[in-house]
Amino acid sequence: MNNKDNGITFRTNEALALECPDCESHRYTREFREQQFDYGKGHSQARIICTVPVYQCIGCGCEWTAGDAEEIRYEAICRHLRRLPPAQILAIREQNGISQAEFSRITGFGEASLSRWETGSQIQNVACDRLLRLVAADPANLHRLRQIADSELAALSHFKVIEITPSLRKSAEAFQLRRRVG
């Protein structure tokens, strides 16, 4: 929402609930600025350039960036690495109408890893990114992976599952190897 105060336009945005980190005011302006930062180390270090929203407090003049800028920086890193950004990974799974647990079972990705990729707390490696792109390119690839996962599960189902009971645990704790005499 834009308001006017003594001829100065300022923005309040309840949806973002932004406040000045110095004076806690909710009156600020926003402009987009180009930012540069280094990513990586040594010979593989790269200069990343992106345009992010920068907020300035009307009251005290403090400038800051928020979560939206962090997402833009993260996506710039994904573009540099040629990896799918979190929103696209989430979209692949949601377009196929399956849960993280089921997608993990079908693809072989760890459920925690998939969650980290979708939330942007980690960038997937090249092999995982390629598999995600194959699933995105053709849903038939997800169907093929499901068939593979299902056949592997069926192959494993003939093994007997032993439930660890208190008596079995007690028996295991009492077991000792004996030396062979003679």
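In which strand is E34 found? In this predicted model, E34 is found in strand β3, which covers residues 28–39. The residue is exposed, and its relative accessible area comes to 55%. Although E34 and C50 are 16 residues apart in sequence, their C-alpha atoms are 5.6 Å apart in space. When residues up to four places away in sequence are not counted, E34 touches I49, C50 and T51.

The helix α5 was examined next. Helix α5 spans residues 126–137 and has 12 residues, and the distance from its first C-alpha to its last is 16 Å, which is close to the 16 Å expected at 1.5 Å a residue. Within α5, the residues C128, D129, L132 and V135 are buried. Seen down the axis of α5, these buried residues fall within an arc of 120°, so they line one face of the helix. On the other side of α5, by contrast, A127, R130 and A137 are exposed. At the start of the helix, a side-chain oxygen of N125 reaches to within 3.2 Å of the backbone nitrogen of A127, a residue that is itself among those exposed on the other side of α5.

The aromatic side chains were then considered. A pair of aromatic rings is described by the distance of the centres and the angle of the planes. The count of aromatic pairs in the model comes to five. One of these is formed by F103 and F109, whose rings are 6.3 Å apart from centre to centre, with 55° between the planes, and this pair is tilted. Both F103 and F109 are buried. Elsewhere, ring pairs link Y28, Y55 and W64 into a cluster.

The cysteines complete the description. The count of disulfides comes to zero, where a disulfide would require a pair of cysteine sulfur atoms within 2.5 Å. For C60, the nearest cysteine sulfur is that of C20, at 3.5 Å, and C60 is therefore in no disulfide under the 2.5 Å cut-off. For C62, the nearest cysteine sulfur is likewise that of C20, at 4.2 Å, and C62 is also in no disulfide.

Conventions
Residues are numbered from 1 along each chain as its sequence is written. This is a predicted model: local features need pLDDT of at least 70, side-chain atom pairs count only at pLDDT 80 or more; totals for chains, interfaces and linings use all residues. Side-chain values use heavy atoms; hydrogens and water are left out. Rings of Phe, Tyr and Trp (its six-membered ring) pair if their centres lie within 6.5 Å; planes under 30 degrees apart count as stacked, over 60 as edge-to-face and the rest as tilted. Buried means under 20% relative accessible area, exposed over 50%, partly exposed in between (1.4 Å probe, protein chains only). Helices (H or I, at least four residues) and strands (E, at least two) are DSSP runs, numbered from the N terminus. The expected span of a helix is 1.5 Å times one less than its number of residues. The arc is that of the directions from the helix axis to the C-beta atoms. A polar contact is a pair of N or O atoms within 3.5 Å; within protein, one must be able to donate a hydrogen and the other to accept it, and residues adjacent in sequence count only if both atoms are side-chain atoms. Contact means heavy atoms within 4.5 Å.
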